[in-house]
Every structure is written in C-alpha cells, then in structure tokens.
Amino acid sequence: MRHFFAYIFKHYFFFLFLILELLSFSFILQNNFQNAAFLNSTGKFTGTIINSYNNITEYLSLKKANSDLIKDNEMLRNMLAEKSGKKWNFVNNYISDSSFRYIGAKVIKNSINRQKNYMMLNRGLKDGIGVDMGVVSVDGVVGTVIQVSENYSLVMSVLNISNRINARIKKNGHTGTIEWDGKNYRKGILTDIPTHVILYKGDTIVTSGNSSVFPENVMIGTVDEYFSEKGHKFNKAIVDFSVDYNNVYYVYVISNLMKEEQLKLQEGTGDGK
Amino acid sequence: MGNSFIKNILRFIILILVQVTILDNINFGGYVNPYLYVYFILLLPFEVPGWLLLISAFLMGISIDVFENTMGINAAATVLMAFFRPVILKSLSSGKEYEKMDKPSIGGFGFSWFFTYSVILIFIHHLTLFYLEVFRFTHFFATLQRAILSTIFTLILVIIVQYIFEKPSK
C-alpha cells in the first residue's frame, strides 16, 4: 500500500492530469447527451457580465437594429391594414395571432463561428419564455429555445450541427428538413426532398408548421443549388439563409398556446413523444 | 514571487474578459476564431509547480466554457496543453538557459524559440478543441483546416501581445 501511494505521489502530475481530463470529459458527455448547456447554475453571473458588455456595444449596431425594427413595423402595419376588418387584440408587446404569441427579446450574445452556435436572449421565465419555443427575426427563422433561467434564455441557433427544422417548399408544398453542415454560415442544407420534386435556384423554403415550434410559412431561405443523385431516395439542395446570423439583434420568441393540446393529441395516437 | 503571482492572476482575469467580450465576437468568414486565452498557459513562470499548472489550466478552460456554453471542451483542451508544456519546454531547451529568466518570452529567448514553443502548444490546444467541439470525425479535414487557420490567427495575436506588453528586458 505504501508503495502504491509512493508511486501515485511520484507520478502525481500524470494522475492529476488524468483526473482533470476525466472531469472535463464527463462535462462534455453530459452536455452532448442532454444537449443542454450550463445556463441554470451559472446563468446569473455570466448573464450579468454579458449583458453589461452588450449595453456598451449595442450602440455600434444601432443602425442595423433600427432598420430591422422599421422593417418589422412596416410589415405589421401592412398586416394590420389587411386585417383591419377583423378583430385584433394587442396586449403590451404581445401580438395575439390565433394560437401563437410573440415575445420580443434582445440578443445579448451570439456566435456563428462554432459548430454548435448558441444565442443568449435578455428575456427568460418571467417573460413567459419556455423550452422548445421557436425564435424568429424579421428576416426569418433563428432557432429554438433550449434553456431558460429567470431572466435569460439560451437559444440553439439554426447554425448548430444538431439543429433540424421541418421545412416546406413554398411553391409545391413538399416537405423536407433543414440542417446546417457547420461550414458556411450563410448556407444550409435542405434534405429529404422526394426525388420527383425538381427545385430551381431562387425557390422559397419556409417552415412547414408541422412541429408546433414554428408557425407555418416563416421564411428560411431560397434555393441556391439543387442536387439530384441517382440511386438515392431523397435529394438535397443548398439553401441561402434569409437571415444574416452575424447581424441579428432583436428577435421574437414564439409561444404556441395550443402546444400542449397538440402534443396530448399526438400522444393519444401512440407515435408522439 | 508574490509579484509574479499577482501578475498571473491579473493576466488570468483580463484574458478571460478579452476572450469572451471581444475575441468571441470576431469572425473571419464565420470560420476562424482566435483563442488568445491560452496565452496565460504559455506565459506561466518556469518554476510553476505541476499541480498548479494543471489546476490553473483547468480553471481557465472551465471559465471560458461557462461563458461560451461549451461545457468541458475548453477545459479538456487547456489541461492537455498544460500537460504537454513541461515536455515541450524540456525538448526545446539547450542547456540550463531557463534559469536566466522567470518565464518564456521573445525578449529572453529570441523569436524563433518562442515561435516554436507557442506554435506547438497552441496547435495541441486548438486541435483538441475543434475535434471535441464537433464530437465526430465526419468533417475530418474541414475541422483540421479550421484548427490550422485558428492556430495561425491565435499565434499572430500572441506575438503581437508579446511585443506590446513584454518589452525586451535584455
């Protein structure tokens, strides 16, 4: 036994190295399987620092943020004008639209250069944000909320190699899946296109509305290149994202008021989760 | 000794802040990201005990992980880099030259020595970091390319910071 301790002590550098690496890897594995980061326990601290830094730097992006807001207002006014005959219901910054409710939020941290990119928003539980809610900007789909703390929420960006979004080809209604291959932050990949569907450059891809995370017809992007490979069941296309993820400052978190009901119904059929 | 200890603590804190507020927001083609925080490990004194080297590398990595929401990958990469540091220092030494100075620097050991020392350790760190981030080998060459480009980028920053903050003392 004494020899054993002497041995450990002599090579303590190596054993300490091993222990620390095992610890790191246990964090990594935990993170990869739960697909959850660390927001809850440390969110308050990091959130405060990131938020105060953001308060300083947001002036640099005011111009872009303003033009986004104006564009958004314009769109809302147009919608209002179209629907002026119907009854519309405004509560604070929430726009009530059938089963979806929009919650405005500011992006306080964003990245585009990793394989798994996340965004942090300055709204959390107390603003009504919950896990698995969709996030959109003026230009289109941005991501999905994966963790919420009291005042902040963490969003898995579309630019995340684990992200999948149910998509639809606008012109013919066929569905597919949008994913990101981790290479170019302006381009995504549309997979699972049935082989008989032919796409052309410029065709519009929107959300399908099948998932209860996003409403229907939220813009994702336009087709850039279409591949039909012989012998494959499904074809692929490269899609130009409509959102410039490097320049996202304000977003809307979408809360689906009918989600529970939809999920309950799905459970009843036995193939839902 | 006390002075050097405080200096290293300050360097630790400043590098974390610079990394998470400024450098994490730099993108070159959405591809390359510098990780200047490893400069802390590069510049630790020669006589730093092994346990302190590893523990401080772990703390550095885990702090960055907390900010970047990447639990563990920066910690794993930084600890590995720290583990290799004594080996690299030993193999790059010719004689007892390290006793003249307290820590690695361009001023003390010349540009080519410092360059070799940094490039090896930064590359070990970045390679580990990028493969752990992807967590699969499917994008093998794309990941390798990102690791190499980011190594170059980090190295340039390290050298610039050396010239600005570590005036040649010879």
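User: What share of the 170 residues in chain B is buried?

Analyst: Happy to start there, with the reminder that this is a predicted model. In chain B, 59% of the 170 residues are buried, which here means a relative accessible area under 20%. For chain A, 45% of its 273 residues count as buried.

User: How many helices and strands does chain B have?

Analyst: Chain B has 7 helices and 0 strands, and its elements run α-α-α-α-α-α-α from the N terminus. Chain A has 5 helices and 14 strands.

User: Why is A:Thr191 called buried?

Analyst: Its relative accessibility is 12%, and the label applies under 20%, so A:Thr191 counts as buried. The residue lies in strand β10 of chain A, which covers residues 187-194. Beyond its neighbours within four places in sequence, A:Thr191 is in contact with A:Gly176, A:Thr177, A:Glu179, A:Asn235 and A:Lys236.

User: And what makes A:Thr195 partly exposed?

Analyst: Set its value against both cut-offs. A:Thr195 has a relative accessible area of 38%; buried would need under 20% and exposed over 50%, so A:Thr195 is partly exposed. A:Thr195 sits in the loop between β10 and β11 (204-207) of chain A.

User: Which residues does A:Thr195 touch, not counting those up to four places away in sequence?

Analyst: They are A:Tyr226, A:His232, A:Lys233, A:Phe234 and A:Asn235; a contact here is a pair of heavy atoms within 4.5 Å. As for A:Lys236, 41 residues away along the chain, its C-alpha atom is separated from that of A:Thr195 by 9.2 Å.

User: What makes a group of residues a nonpolar core, and how many residues has the largest one?

Analyst: The members must be buried residues of the nonpolar kinds, joined through side-chain atoms within 4.5 Å. The largest set has 64 residues, and those with the most contacts inside it are B:Leu36, B:Tyr39, B:Ile41, B:Leu42, B:Leu54 and B:Tyr117. Elements giving two or more residues to this core are α2 (12-34) of chain A, together with α1 (2-21), α2 (39-42), α3 (50-68), α4 (73-92), α5 (106-109), α6 (111-134) and α7 (140-165) of chain B. The largest share, 11 residues, comes from α4(B). A second, separate core of 46 residues includes A:Tyr102, A:Val107, A:Leu159 and B:Val134.

User: Which residues is B:Tyr39 in contact with, leaving aside neighbours within four places in sequence?

Analyst: B:Tyr39 is in contact with B:Arg11, B:Leu15, B:Val158, B:Val161, B:Gln162 and B:Glu166.

User: Which residues are closest to the centre of the second largest cavity?

Analyst: Of the 10 residues lining that cavity, they are A:Gln115, A:Gly182, A:Lys183, B:His139 and B:Ala142. The second largest cavity has a volume of about 50 Å³, and α7(B) gives the most to its lining, with 3 residues.

User: Where in chain A does pLDDT stay under 50, and why be careful there?

Analyst: That is residues 84-97 of chain A, for which the model has 21 contacts beyond four places in sequence. Where pLDDT is low, the predicted coordinates should not be read in detail. The mean pLDDT of chain A is 80, with 84% of its residues at 70 or more.

User: And how does confidence look in chain B?

Analyst: Chain B has a mean pLDDT of 86, and 91% of its residues reach 70 or more. Among its elements, confidence is lowest in α5(B), at a mean of 83, and highest in α2(B), at 95. For the model as a whole, the scores are ipTM 0.85 and pTM 0.67.

Definitions and conventions. Residues are numbered from 1 along each chain as its sequence is written. Chains are lettered from A and ligands numbered from 1 in the order in which they are written. Side-chain values use heavy atoms; hydrogens and water are left out. Helices (H or I, at least four residues) and strands (E, at least two) are DSSP runs, numbered from the N terminus. Buried means under 20% relative accessible area, exposed over 50%, partly exposed in between (1.4 Å probe, protein chains only). pLDDT is the predictor's confidence in each residue, from 0 to 100. On a 1 Å grid over the protein atoms alone, a cavity is a set of points where a 1.4 Å probe fits but cannot get out, and a pocket is an open set with protein on both sides within 12 Å along at least five of seven lines; lining residues have an atom within 4 Å of a point. Grid points are joined across faces, edges and corners, and a volume is the space filled by probe spheres set on the points.
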